[in-house]
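Here are a few notes to read alongside the structure. Have it open and follow the points in order.

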Amino acid sequence: MSEFSIHKVWIVAKREYLERVRTRSFVLSTFATPLLMGTFLIVPTMITASTARNIMLDSSRPARVVIASDNRALAELARGELTRQRGTPYAASVLSPTSPAAREQLDSRLDASGIEGYVWLDGPALASRKVVFTTRRMGDFVLQRRLGAALSYAFAAQRMVNQGGSPGEVAATLQPVDLTALAAGNSSAVFNELRGAAVVFIFLFVMVFSLLSYGVMVMRSVMEEKSSRITEVLMCAASAQELMAGKILGTGSVGLTQIGLWLAVAALGASRSLYLRTAMTALDVGPSLIVYFVVFYTLGYLLYSAVFAGVGAIFNSIDEAQQWNFVVILPLIAAAAMILPVATSSDSPISVAASLFPFSAPILMFERLAVHDPPPWQLAASLLLLLATIGAAMFISARIYRTGILMYGKRPTIRELSRWLRHA
Amino acid sequence: MERTRDAPSNLGCESRCDAVTPAVELLEVRKSYGGVPAVDGLSFQIPPARIFGLLGPNGAGKTSTIRMMIGITSPDSGLVRLFGEPLRRRALRRVGYLPEERGLYRRMTVGANLVFLGSLAGLSVATSRQRIDAWTRRLGAADWVDRRVEELSKGMQQKIQFIAALLHDPDLIVMDEPFAGLDPVNTMQLKDVLVGLRAAGKSILFSTHRMDQVEKLCDSICLVNRGKAVLQGSLSEIKNSNGRRFVQIDYEGDGACLAGHPLIDSLNDYGNHAELRLKPGADAQELLQTAMRGLRVIRFQVMDPSLEQIFIERVGEQA
């Protein structure tokens, strides 16, 4: 009875695929996901980038900051540094000397939205260099970083002037460094901090989102067949392995179709629109990145969907599955949490281990490939471990699936599950 | 999968086997779930062109038996043969199955469901469509083909499943409680289809606990209880061997004289009509004479036992 028919797998997969791409939820998620992604990833990235580069904000309405100090010369140096760049989004004024009455006045201007904030540099602050910035824009870390840098500049510049330096010498000495990182081994790929983050995050977001949603879709699909009682009819015509393989392939193809559509629209847009082309170039999307993505997405999907299919066969309702669902999703969440640490230290032992661990490898090995070239042996080991785990997961799930999809009502105990595994 | 699958000696077998070889043969089949035997050494065979009833109370092991017969589960021991050969998946193409737990894809149309199931059974889309057209016309379901399954009543869905089981023209048709939930008109329609299929040489296994249907349809039966065969053989043999101990009397007068009569084992008195069972060895003629002394007898009929009576008797003995 161990005959395996590819033709039947194909028939099952075809039905699964056609039924899913025709649903409203597929159309909706295909359109909504890029919008969501835009909202959650691209827009903040763009705003951050633009703010940092002073190109986005309207310079006719700059953020107004007051630098109140007993040392007027220092305050002027800080003001000059803060507003030095052309098109700066900041307008700064100096208030000197300080007094309690002046502070009250600044507080009331803050309350009336006359200013965005003020720096208070009285005697103790000047001596200790511990400066307080009172502001209505607590979240504007760019302004705070800028202000901190301007004040540091002012302290250093004033000391140099006091030691006899000319203003020109001071400016030349303190001119900040403009750092550009270049990806090793690929001199044309400029890996700018912001661009890199955008590439990695967009692809990783799509990967985590798709693995999760299509994995859960396989689980729901198994449960639907179980609860609609069609399984038994199917089992007479096809084996459990054929049914499971068809389901996984069909649903997986829906995921690939969706991602393919996004890529196609992006490519079409890039060919038509200068803005999109610039964005794509800035995002550094090369063919190798897409190949890696498709390979790791496919492998990750095969692993997670096999596990989800097994979980779907065990339980009778989504509610019941929910708590165990979490156990399956956990490694995916853990991998998502590792995305930032891996981006910053791609070669650390933890990053290497996490990118070899099969349940996080699809996400983290792909990320390491995107931000940095890991040694080939690590890529090979990651792929081999992943393939072996997929094989094991498919084997175990197929056995659980075979028995589970015919069991209605009671939820099996762990002992019963192990019996399913042995006797299926 | 045996290596002999495509051996030339087997190729010519199908038509020959169909005429003489049992469609299904179970030999000492056993299956336990969690140490509890569901099927316990069951053996029977279904001859070609016969309707075979697999009977038994709920939980007797009927569905477990059927699942092993069609390869959904494997027996712990014993042998299942389909069309004269040990069970293999390829032979299942010649089997049509209507499970008790039935279902269709609710959001797909009737036509799409049937085409899909037809493809899995090895039919081309064109052939499927042709047959769907013929069957839905015959069963008065032609208007439903483009409707979603969820729009149909339960009875309508059941008819569609019936079609799904027959679409690929199987030689063996396995139906678990096929008439459950159907109204009398539809029951009659499907009964006619089954009788027609038997006439066309198909073997039909019909599992139910509804004895009245079995009596009208089946040629032979196997009565199972707690996984074991309690009774099996052709329906007429079984009835004969269970003796003509059942009597119906239509009468006028006071039926009290029947109550407690030494010849009567059990009695159901309806006032003007009584149904009774004689004690073993009792003579019906003697009872008639007694009855005529106390009552005005309008009709006195010695009957074959109904299958239901035999069923209750046999299963009751085991309880």
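1. Start where two chains meet. In this predicted model, helix α1 (residues 6-21) of chain A and helix α4 (residues 110-120) of chain B have axes that come within 9 Å and cross at roughly 165°. Angles over 145 degrees count as roughly antiparallel, so that is how α1(A) and α4(B) run relative to each other. Their crossing is left-handed.

2. Who does the touching here? On the α1(A) side you'll find K8(A), I11(A), V12(A) and R15(A), and on the α4(B) side F116(B), S119(B) and L120(B). Sorted by type, the residues of this contact are 4 nonpolar, 1 polar and 2 charged.

3. Now for the inside. The largest nonpolar core counts 153 residues, and I363(A), F44(B) and I70(B) have the most contacts within it. The top contributor to this core is helix α12 (residues 287-314) of chain A, which gives 14 residues.

4. Have a look around I363(A). Setting aside neighbours within four places in sequence, I363(A) touches L204(A), M207(A), V208(A), L211(A), L332(A), A335(A) and I339(A). There is also a second, separate core of 20 residues, with A63(A), L126(A), V142(A) and L147(A) among them.

5. Back to α12(A): it packs with helix α13 (residues 318-337) of chain A at an angle of about 170°, the axes being 10 Å apart. That angle makes α12(A) and α13(A) roughly antiparallel.

6. Which residues join that pair? Y304(A), V307(A), F308(A) and V311(A) of α12(A) meet N325(A), V328(A), I329(A), P331(A) and L332(A) of α13(A). This contact has 8 nonpolar residues, 1 polar and no charged.

How values were computed. Residues numbered from 1 in each chain as written. Chains lettered and ligands numbered in written order. Predicted model: local features only at pLDDT ≥ 70, side-chain atom pairs only at ≥ 80, totals over all residues. Heavy atoms only, no water. Axes fitted to C-alpha atoms, helices over the stretch in contact; angles between N-to-C directions. Helix = DSSP H or I, 4+ residues; strand = E, 2+ residues; numbered from the N terminus. Parallel < 35°, antiparallel > 145°, perpendicular 65-115°, else oblique. Left-handed = near helix turned anticlockwise from the far one by under 90°. Contact = heavy atoms within 4.5 Å. Nonpolar A, V, L, I, M, F, W, Y, C, P; charged D, E, K, R; others polar. Core = buried A, V, L, I, M, F, W, Y, C linked by side-chain atoms within 4.5 Å. Buried < 20%, exposed > 50% of the residue type's maximum accessible area, 1.4 Å probe, protein only.
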